[in-house]
Amino acid sequence: MNKIETIADMIVQSKQTVVFTGAGHSTESGIPDLRSPGGIWDRFDPDEFSYQKFLSSEESREKYWEFSKSLWPALDGAKPNPGHYAITELHQLGKLDCVITQNIDDLHQKSGVPEEKVIELHGTTKWVICLECGRRYPREEIYSRLQAGEKVPRCDTCHGIMKPATIAFGQPMPEKETREAQRRSATCGLFLVAGSSLVVYPAAQMPLIAKHNGAKLVIINLTPTPHDAYADIVIQGKTGEMLPQIVEQVKAKLKA
Ligand SMILES: [Zn+2]
């Protein structure tokens, strides 16, 4: 049996399958992997955009928004790729417990996975949040304000500092999402990594939590990861190509 078929078997047999996605899963949707060589952090200093800097001065906030504005059109126009739709099919087949994602691009939701099944560990680009009163604004609304010349948008309600609802360097991880991701990882039967290099913590600890609690671990990524040794199966390849093949096999097996 080849690897694709073995993974399909694991999905069919597992009661709870958790899919964990990272930047590699969205590169095929045209979203740049910020951390890859030649990526944005080779051109910008990530330290300039840390949470601490953002809170500390109006000048830093202006820089942050300028940077954020330059990324927005690519994010806003991005469409789900075949890898996303393959995961949506797993959901439709009743074979998906949840998606835990390091991505902020909203593409799992856009591809039809219900909101409540997507756990976003690094926040979302869909909203801007007031750090003072917690009011949420649609990103497009704030983007229009920036386009109209506003440099550092402030909350209409309380005049507080606003920030995209993504997790910046140095910003605490969202508590509720992190706890939920840990819980789902600990209780699943199969943990499938799709397009993550598993180097960013605490997100990267999820597959290990799954493995330590008895789950099977599958890793699909273009390059080797530090957790490959713990995996039952490793495939080096594009998730947009591998996942649809796996899901085809799952469908065939469910029909048989
Ligand atoms: Zn406010």
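**Inside the fold**

Guide: Let's start with Ile-100, which is buried, with a relative accessible area of 0%. Keep in mind that this is a predicted model.

Visitor: How far apart in space are Ile-100 and Gln-182, C-alpha to C-alpha?
Guide: Along the sequence, 82 residues separate Ile-100 and Gln-182. In space, the distance from C-alpha to C-alpha is 9.7 Å.

Visitor: Are helices α1 and α11 parallel, perpendicular or oblique to each other?
Guide: The axes of α1 (residues 3-13) and α11 (residues 239-255) come within 8 Å and cross at roughly 55 degrees. Among the residues making the contact are Ile-7 and Ile-11 of α1, plus Ile-246 and Val-250 of α11. Angles from 65 to 115 degrees count as roughly perpendicular and those under 35 as roughly parallel. The two helices, α1 and α11, are therefore oblique.

Visitor: How many nonpolar residues does the contact of α1 with α11 have?
Guide: Sorted by class, 2 residues in that contact are polar and 3 are charged. The nonpolar ones number 9.

Visitor: How many residues are in the largest nonpolar core?
Guide: Ile-7, Val-218 and Ile-246 are among those touching the most other members. α1, β8 and α11 are among the elements that each supply at least two residues. The count for this largest core is 25.

Key:
Residues numbered from 1 in each chain as written. Predicted model: local features only at pLDDT ≥ 70, side-chain atom pairs only at ≥ 80, totals over all residues. Heavy atoms only, no water. Axes fitted to C-alpha atoms, helices over the stretch in contact; angles between N-to-C directions. Helix = DSSP H or I, 4+ residues; strand = E, 2+ residues; numbered from the N terminus. Parallel < 35°, antiparallel > 145°, perpendicular 65-115°, else oblique. Contact = heavy atoms within 4.5 Å. Nonpolar A, V, L, I, M, F, W, Y, C, P; charged D, E, K, R; others polar. Buried < 20%, exposed > 50% of the residue type's maximum accessible area, 1.4 Å probe, protein only. Core = buried A, V, L, I, M, F, W, Y, C linked by side-chain atoms within 4.5 Å.
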